[in-house]
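Me: I want to know what stands behind the labels on this model. Take me through them briefly.

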Amino acid sequence: MRKTTTLIKNADVVVTMDAKRAELKGASILIENGAIIGVGNNLSTADEIIDATGCVVTPGLINTHHHLFQSLVRGVPAGQDALLFGWLKTLYPIFQRMEGEDMYVSAQSGLAELALSGCSLSSDHQYIFPNDVKMEHAINGAQSIGVRFHATRGAMSVGESNGGLPPDSLVEKESLILKDFERVISQLHDPSQNAMVQVGLAPCSPFTVSEGLMRDTAAMALDKNVMLHTHLAENDEDIAYSLEKFGCRPGEYAERLGWTGNHVWHAHCVKLNSDEINLFARTKTGVAHCPCSNCRLGSGIAPVREMRDGGVKVGLGVDGSASNDAGHLLSEARQLLLLQRVKNGANSMRAREALEIATLGGASVLNRTDLGSIEIGKRADIAIWDITGLAAAGAWDPVAALVLNGPFNVRDLFVEGKPVVSSGRLANQEEGMIAHLHHSVRNRSITMRMILHGMTYDIGNFIIASII
């Protein structure tokens, strides 16, 4: 096969995120067959040349926590002003009506939105599998956009009748969960260094699965060499539940069940205390920080400054669209910076550190040593940001402007050296068609299924009422 080369040329600044955090002015990047083979100022020829004059170039952003299926339930009125547990109870009846088409469409639209915000790799925490839904539906959606995908097979096994939060109709038998864990690892996980699709195991949360499933999942992950993911210490309700049901805080619960280590990352961790921060740092356990979602649900401000200073791996996550209502990863970096300054002072978080968490931080959390920086030998996941427009007008520091100004959408995004966004538009799909299909599925599939099952639900200016 003929080797092909692409040259990203004459960038105003290349933000490498290498060990020295070098920023190269007027630099170029040479790509060959998905890998970065040159970075510097003396690169001039290639099969294809991309002019990056007037642009800042960064590694592709990395999203470490999402629930893509929630893209179909944004802004449900009854849940708009609820705390975490009440919000979930509002949405569970809708979740249990979802089918495979819903998963594909929501993944496609959610990842399209992320790609336009500069995201080259996204994880996904899918913890509902009603009506013969499989992980393949979301993976197919990701492949249609062209981004890297770390799909985690979630699960809920403890329903209301056994003291859990979800309705019994939405939980699965643990024997079947473990069987499908093995299936998705065997059939869908790519363990290679440059993988486009990887799979992790992700029981939903301590309040939706049993201790036994948590232990069994941890053992399987070690045996199969895949990563572990769940929600932890998200808000005060979460802490109270852990103290009441398990007699300990979430960090201790995670540790005693095998849920700490370099192969583990937890979402939110808003309420970690100093002992838990030290535990995560000592065990190299990662955290997906979701600032906008934490604000939306009133969960609090996560101790990111303390975690970073203590040596905890931290990445950014947009979380599910139902608890964020947006999927713009660069905006999450800005929100991260602002919240840490509110909590700790104006000098507690720099724009460049927020950008680092959105790139190199996410790669570290997901154990992707091949990503997160622009260096020779790394994979060519690269974002090009046009800073000549109104959003950055007057900005003295173009790198800081990416976080402080905006919001920005990416001009060009490459994943494995292939275009995913070109000139501000999706390269592999038509955005209008994605949006049309998304709205059609929401209106036809979810709404009509709820009507046919005799459910009454307020979705805005009108009421969906039972017709039976």
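Me: How many cavities of 30 Å³ or more does the structure hold, and what makes a space a cavity?
Reply: The structure, a predicted model, holds three of that size. A cavity is a set of points on a 1 Å grid over the protein atoms alone where a 1.4 Å probe fits but cannot get out.

Me: What lines the largest cavity?
Reply: Lining residues have an atom within 4 Å of a point. There are 17 of them, and L84, W87, L88, H231 and E234 are the closest to the centre. Helix 1 (residues 84–95) gives the most, with four residues. Helices are DSSP runs of H or I, at least four residues, and strands are runs of E, at least two, numbered from the N terminus.

Me: What ground rules apply?
Reply: Residues are numbered from 1 along each chain as its sequence is written, and side-chain values use heavy atoms, without hydrogens and water. As the model is predicted, local features need pLDDT of at least 70 and side-chain atom pairs pLDDT 80 or more, while totals for chains, interfaces and linings use all residues.

Me: Why is N324 called buried?
Reply: Its relative accessibility is 11%. Buried means under 20% relative accessible area, exposed over 50%, partly exposed in between (1.4 Å probe, protein chains only). N324 is under the cut-off, so it counts as buried.

Me: What does N324 touch?
Reply: Leaving out residues up to four places away in sequence, N324 touches C292, S293, R296, V318 and E332. Contact means heavy atoms within 4.5 Å. N324 sits in the loop between strand 13 (313–316) and helix 11 (329–344).

Me: M17 and R21: why is each one called buried or partly exposed?
Reply: M17 has 6% relative accessibility, so it is buried. R21 has 35%, so it counts as partly exposed. M17 lies in the loop between strand 1 (5–15) and strand 2 (23–32), and R21 is found in the loop between strand 1 and strand 2.

Me: Which peptide bond is cis, and how do you know?
Reply: A cis bond joins G406 and P407, with omega about 10 degrees. Most peptide bonds are trans.

Key. On a 1 Å grid over the protein atoms alone, a cavity is a set of points where a 1.4 Å probe fits but cannot get out, and a pocket is an open set with protein on both sides within 12 Å along at least five of seven lines; lining residues have an atom within 4 Å of a point. Grid points are joined across faces, edges and corners, and a volume is the space filled by probe spheres set on the points.
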